[in-house]
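Hi,

Here is the structure you asked about. My notes follow below it.

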Amino acid sequence: MGAGRVFAYGAAAGLIGDLLLGDPRRGHPVAVFGRAAGAVERVLWRDHRGWGALHTVVCAGGAVALGGVAARTVRDSAVASVALTAAATWAVVGGTSLAREARAIGDALEAGDVEGARARLPHLCGRDPQALDADGIARAVVESVAENTSDAVVGALLWGAVGGVPGLLGFRAVNTLDAMVGHKSARYRRYGWASARLDDLAGWPGARLTAVLAVLAGDDPRGAVRAWRADAARHPSPNAGPVEASFAGALGVRLGGTLSYGGRVEHRPVLNGAGRGVRTRDIERAVRLSRRVGWLALGVCVAARRIAKGRTS
């Protein structure tokens, strides 16, 4: 069985596994990686970009190397190769957990339990929930669903198509490192610089693919294209901008504006200013759009890998 079919069958099985099982409550491979990266940080941390770059190389490089060793170990068995790809895909994608958390917050808002929704919001994003009313919480959830569709699903599948199991594990490792040390706190402004820049680089193609697929899968393709072209570059993140703008246009809502992270207030540009304000029911619409984008991404990545393989054979 060729590498293209191994990826196709394995990635599809991994996405189905995520759909049926979601993330385990304990012992998730990403959590194990996070603990290992934390241990490396305790040894290496210095308020210096060079030491932070070393941390990135050790952790992300280790994940890629582990994936490479595992893939070589099973390469003579098609069944084992598919199973490994399926396990790696299931481990790195997070579409079901994303949808589950978003819907839990939406259910709390629908029931009028704003405090319950505030309590759950940190499971999904780093916003300060006490600074948000019900509509602000719904907007934060929609933005997080959009951004994490790229980070937790599409980007992983794209790098899996490019690099197989090492690509899957490497992308998730880089994304996790950015979440751990890539933010602009006093401790990580220098140490996390390399992880943040590498995450921007690794996430660039997946973010653009996510935006394109949101245009195709959304309710308003023209609106999605218009918002992407007009507003994406105004977002402070080079990758969140296209994704959130295209989701905003596809859903017909306004995203962006003033928000608070850990007491730090940011005034971000409005995305799709012609849209209406986000309402609680838009959470479910965003989750469904995210699902459609994820399955379309699988099809695109499988097709692209098979085409590339055909050209090189």
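Helix 2 (29-44), helix 3 (49-74), helix 4 (78-92) and helix 7 each give at least two residues to the lining of the second largest pocket. Helices here are DSSP runs of H or I, at least four residues, numbered from the N terminus. The pocket's volume is about 410 Å³. Its lining has 22 residues, and Pro29, Phe33, Ala63, Leu66 and Leu169 are the closest to the centre. (A pocket is an open set of points on a 1 Å grid over the protein atoms alone, where a 1.4 Å probe fits, with protein on both sides within 12 Å along at least five of seven lines; lining residues have an atom within 4 Å of a point. Points are joined across faces, edges and corners, and the volume is the space filled by probe spheres set on them.)

This is a predicted model: local features need pLDDT of at least 70, side-chain atom pairs count only at pLDDT 80 or more, and totals for chains, interfaces and linings use all residues. Residues are numbered from 1 along each chain as its sequence is written, and side-chain values use heavy atoms, without hydrogens or water.

Next, helix 5. Glu101 lies in helix 5 (residues 95-110). Glu101 counts as buried because its relative accessibility is 15% (buried means under 20% relative accessible area, 1.4 Å probe, protein chains only). Beyond residues up to four places away in sequence, Glu101 touches Arg120, His123 and Leu124 (contact means heavy atoms within 4.5 Å). Ile105 contacts Ala117, Arg120, Leu121, Leu124, Ile137 and Val141, leaving aside neighbours within four places in sequence.

Best wishes

Notes
Buried means under 20% relative accessible area, exposed over 50%, partly exposed in between (1.4 Å probe, protein chains only).
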